[in-house]
Amino acid sequence: MQTALLHCCGSLIGDAARVVARTIDAPAFMEQPLPIRVSHISSPPPFLKWAGGKRWLSDRIVELANSIAGKYIEPFLGGGAVFFALKPGEALLSDVNPELINAYRAIRSDPNKLYSLLRIHQARHSKEYYYSIRTYRPRCEYRKAARFIYLNRTCWNGLYRVNLSGQFNVPIGTKSAVLMPTDDWSALSALLNSVQLICGDFEDSIAQAKEGDLVFADPPYTVKHNLNGFIKYNDSLFSWCDQIRLRDALVSAKCRGARVIVTNANHESIRDLYRRHFRLESVVRESVLAGSPAHRGRYEELLIS
Ligand SMILES: C[S@@+](CC[C@H](N)C(=O)[O-])C[C@H]1O[C@@H](n2cnc3c(N)ncnc32)[C@H](O)[C@@H]1O
């Protein structure tokens, strides 16, 4: 099995880094920028800032996906960066987070209604207002969706975290823009029009994958640690058992003739989990924040296909 090392470097323009790819052994003059895809220019950008979002890697994933004969299935939707870059004709998008799926559904059903509710949040935004909305529990699906998007855009780092009672508990962040110049709620609605949106566990949506379909799975990252001979699992809502369950579901989908692309932590335990059935690539994101080399970030992840 050949393991290629791919570097994805870019200056951060929002989250959309320009991606340059090269194998680790290639001479520098062979470095070629990946073609900029028209889909990035013409499709609406993700409307959520989401932890672990794959906007920075979406060109590479679009390239790997090539053309999709059947349905596109994304069981860990989050901000949907890859879905928005791919714009597949037929798609099943799912996530275990009911508020997230409700927001996608609300945009699809009535983008204008959602926009008018967001305008109200924008006009009233302040520290006091943020905390009052954080404790507010609307019953109407549109108000729930507008609250979710408002909190996502104004909370600390776009983080989504709930306490044991399921209440959102992220503090206010530094950003105050509820509406952005790049928002195009009607285009989002049109794109989601023919999409199946499901709230549930990844296994249910992956079980639907058949010959010709493409599954893109971007789960929460969990790794298995081996400390002093003891196997320790890191505490996470997505356990090591879930990682095994995911691998098994993906192997079954592959056996049924579906194509599979997965991202995960580039950790020995994850490589061991996948290497028998899939091809592994290391992908590295290097970014210089605010043009300062002192704030250089380097993130290495695994691309499995
Ligand atoms: C890393 S994020 C996905 C980010 C996404 N690819 C993007 O570009 O924004 C992982 C997502 O998995 C979801 N998730 C966690 N456990 C899940 C489960 N058992 N089944 C389905 N989704 C799950 C979380 O709610 C979260 O939205």
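Which exposed residues does the face of H5 turned away from its buried side carry? I found Asn112, Ser116 and Ala123 there.

**Ground rules.** I am working with a predicted model, where local features need pLDDT of at least 70 and side-chain atom pairs count only at pLDDT 80 or more, while totals for chains, interfaces and linings use all residues. Residues are numbered from 1 along each chain as its sequence is written.

For exposure, I call a residue buried if 20 or more other C-beta atoms lie within 10 Å of its own, exposed if 12 or fewer, and partly exposed in between, with C-beta atoms placed from the backbone. Helices (H or I, at least four residues) and strands (E, at least two) are DSSP runs, numbered from the N terminus. Two residues are in contact if their C-beta atoms, placed from the backbone, lie within 7 Å.

**Whole chain.** I counted up 11 helices and 12 strands. Of the 305 residues, 30% count as buried. Taking contacts between residues at least 6 apart in sequence, I get 66% that join residues at least 24 apart.

**Helix H5.** I checked its length, using an expected span of 1.5 Å times one less than the number of residues. The 14 residues of H5 (residues 111–124) should span 20 Å, and the end C-alpha atoms are 20 Å apart, which agrees. Its buried residues are Leu114, Leu117, Leu118 and His121. They cover an arc of only 100° around the axis, which puts them on the same side of H5; the arc is that of the directions from the helix axis to the C-beta atoms. Among the elements covering the buried residues of H5, I noted H4 (98–109), H7 (141–154) and H8 (185–192).

**Helix H4.** I turned to H4 next. Its 12 residues reach 16 Å from first C-alpha to last, close to the 16 Å expected. Leu100, Ala103, Tyr104, Ala106 and Ile107 are its buried residues. Seen down the axis, they fall within an arc of 160°, so they line one face of H4. Their cover includes strand E5 (91–95), H5, H7, H8 and E6.

**Helix H10.** I ran the length check here too: the 16 residues of H10 (residues 240–255) should span 22 Å, and the end C-alpha atoms are 23 Å apart, which agrees. I listed Gln243, Leu246, Arg247, Ala249, Leu250 and Ala253 as buried. They fall within an arc of 165° seen down the axis, so they line one face of H10. The face turned away from that side carries exposed Cys241, Ile244 and Cys255. The buried residues of H10 pack against helix H9 (202–206), strand E7 (214–217), strand E10 (259–265) and helix H11 (268–274). Just after H10, I spotted Gly257 with a positive phi of about 100°.

**Nonpolar core.** I took a core to be a set of buried Ala, Val, Leu, Ile, Met, Phe, Trp, Tyr and Cys residues joined through C-beta atoms within 7 Å. The largest one has 61 residues, and Ala103, Ile149, Ile206, Val215, Ala217, Leu250 and Ala253 touch the most other members. H7 gives the most to this core, with six residues. Leaving out residues up to four places away in sequence, I see Ile149 touching Phe47, Ala103 and Leu118.

**Ligand shell.** I found 19 residues around the ligand, of which Gly52, Phe76, Gly78, Gly79 and Ala81 come nearest; a residue is near if its C-beta atom, placed from the backbone, lies within 6 Å. The shell divides into nine nonpolar, six polar and four charged residues.

I flagged Asn66, which has a positive phi of about 50° although it is not a glycine. Asn66 sits in the loop between helix H2 (58–65) and strand E4 (72–74), and with 9 C-beta neighbours inside 10 Å it counts as exposed.

Terms used: Nonpolar A, V, L, I, M, F, W, Y, C, P; charged D, E, K, R; others polar.
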